[in-house]
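Here is a short walk through a protein chain.

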Amino acid sequence: MARKPSVPKSPSPQETPPAAELEAELHRLARRPLLDYEKARKSLADAHDIRATALDRLMAEIRREESRKTARDVVENAEPWPHPAEGAALARRILATLDAQVVFASPHDAAALTLWIMGAWMMDASRLWPKLQLHSPTKRCGKTTLLDAIRGFARAPLATSSISAAARFRGIDAWQPTLLIDEADLRLRGRPDLNGILNAGHTRSFAQVIRVEEIDGVREPRGNDVFGAQVIAGIGRLPETIEDRSVRIGLRRKPPHERVAKLPFDHFERNVDVRRQLARWAKDALARIRADRAGAPPCGNDRAQDNWTPLFRVARALGDDWPERAAAAYGDMAVRRDADEPGDGVTLLSDLRDLFVREAGPHLATARVLEEMHALEERPRRAFRDGQPLQPHQLARLLKPFGISSKQVREENRRFKAWQRGPVMEAAHRYCGANVETPKQSWGHKGLEGADAETRDASVSARMAGKRLDCLSCFGVSAFAPRLRRKGNSMIVPR
């Protein structure tokens, strides 16, 4: 009797196919310490009749998959809102929140920052994505506050205080986060490995970091994708390669008379629905962004033009008045240049403020300013570069971050560069403490009890307090605020 050909038996519902059994075991081991896998590696390979090196590759893939699944424990993966979201309304909400938290260097900075935040939700539609540089000339300008505010609206935000280069590129590859890096002026100094990873994340085609990993004694190269959004906050200069790849947002210190809103401690939790709406808006607008082939207008700087092109596309997708806002911000910031040492700048600004206090007049000639600056003892500017005294262009570069510059002045048939009293005193009020200008005199009483304050603060610097005016009937300025009391716009000296 002829024998019937055998038919492969299908596994019953109670039986588990060997491949599925192996995959389940590898998933279990992927969540365990690596040592557990090493102990079970040889027996698993023998039981399933596969090479140990092939098993290692399967385990590596499963570990990456498990890492992505657990990414929500480190970074948020916002679920898109179930209904269509209006992008322009979301942009206005973000803009109002950011503008209330800090003092921006330019009225257009908050709009540029808003476009960057919204664009980061759909940066996959771009061949490059610029970094966002938060710059301040000195400390206490609100960088950390602004980072926290951005975190409330960012796609998969990940704030890092200290992270190794290896952890950074592996984290970017696994989670695709928006990196929020504070104190970059300290953390990136002398770290070419970190700088290289951040630079590589600018352009998609070059956003690969190749590292060699050892598997079963065999060292093999592996690529890590580092294309992603980065917010980098610092004081003063960052590495030129990072600055060149960034959209720069300037911050200013808040003077005592200005008020900003306090960021709620649960700002991130309050804006969960906003982030979900941003995710939905980005999903719906993605096709339109990809179809937009127009770039940013030429500005004389090809890299700046490339950096701003994605933001212009976001603005056009938003509609309303956002294209005009983008154009205004671009004209204001696209070709900004940073200045030299901000620490030297603060000291220089303080000394220039004191010079205006000592001398009358609406302006001071640059030559006069340099003469006085060179005369001051124990100042590094006495030998600013290679043993040479501070020069006019160096003076201008040090003071530029504070929003002040010299102007052309004509006086008695001669023209010269001069520094204006108003802008200098305003900048000094922000960054150097209370204005020390001597109060104006009130002539209503021969004892001169009333004095109209030139400054908004009752306190004055003890450094200048010992210098009385040459008028015999004028009182000396007190070194301590409690000695003065305010009455309307006047400072009254107690009898």
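The chain has 19 helices and 15 strands. These are DSSP runs numbered from the N terminus: helices are H or I with at least four residues, strands are E with at least two. This is a predicted model, in which local features need pLDDT of at least 70 and side-chain atom pairs count only at pLDDT 80 or more, while totals for chains, interfaces and linings use all residues. Residues are numbered from 1 along each chain as its sequence is written, and side-chain values use heavy atoms, with hydrogens and water left out.

Of the 495 residues in the chain, 45% are buried. Buried means under 20% relative accessible area, exposed over 50%, and partly exposed in between (1.4 Å probe, protein chains only). Now take contacts, meaning heavy atoms within 4.5 Å. Among those in the chain with a separation of 6 or more, 70% link residues 24 or more positions apart.

Turn to helix 4 (residues 87–101) and helix 12 (residues 272–291). Their axes come within 10 Å and cross at roughly 140°. Axes are lines fitted to C-alpha atoms, for helices over the stretch in contact, and angles run from 0 to 180 degrees between N-to-C directions. Helix 4 and helix 12 are therefore oblique to each other. Angles under 35 degrees count as roughly parallel, over 145 as roughly antiparallel, 65 to 115 as roughly perpendicular and the rest as oblique. On the helix 4 side, Gly 87, Leu 90, Arg 93 and Ile 94 make the contact; on helix 12, Val 274, Gln 277, Leu 278 and Trp 281 meet them.

A second pair is helix 5 (residues 109–120) with helix 14 (residues 322–333). Here the axes come within 9 Å and cross at roughly 115°. That makes helix 5 roughly perpendicular to helix 14. Helix 5 brings Asp 109, Ala 111, Ala 112, Thr 114 and Leu 115 to the contact, and residues of helix 14 there include Trp 322, Arg 325 and Met 333.

Next, His 202. Find it in the loop between helix 9 (192–200) and strand 5 (208–215). His 202 counts as buried because its relative accessible area is 2%. Beyond its neighbours within four places in sequence, His 202 is in contact with residues including Trp 129, Phe 227, Arg 245 and Asn 307.

Finish at Gly 250 in strand 8 (residues 246–252). Gly 250 is buried, at 2% relative accessibility. Phe 104 is 146 residues from Gly 250 in sequence, but their C-alpha atoms are 5.9 Å apart.
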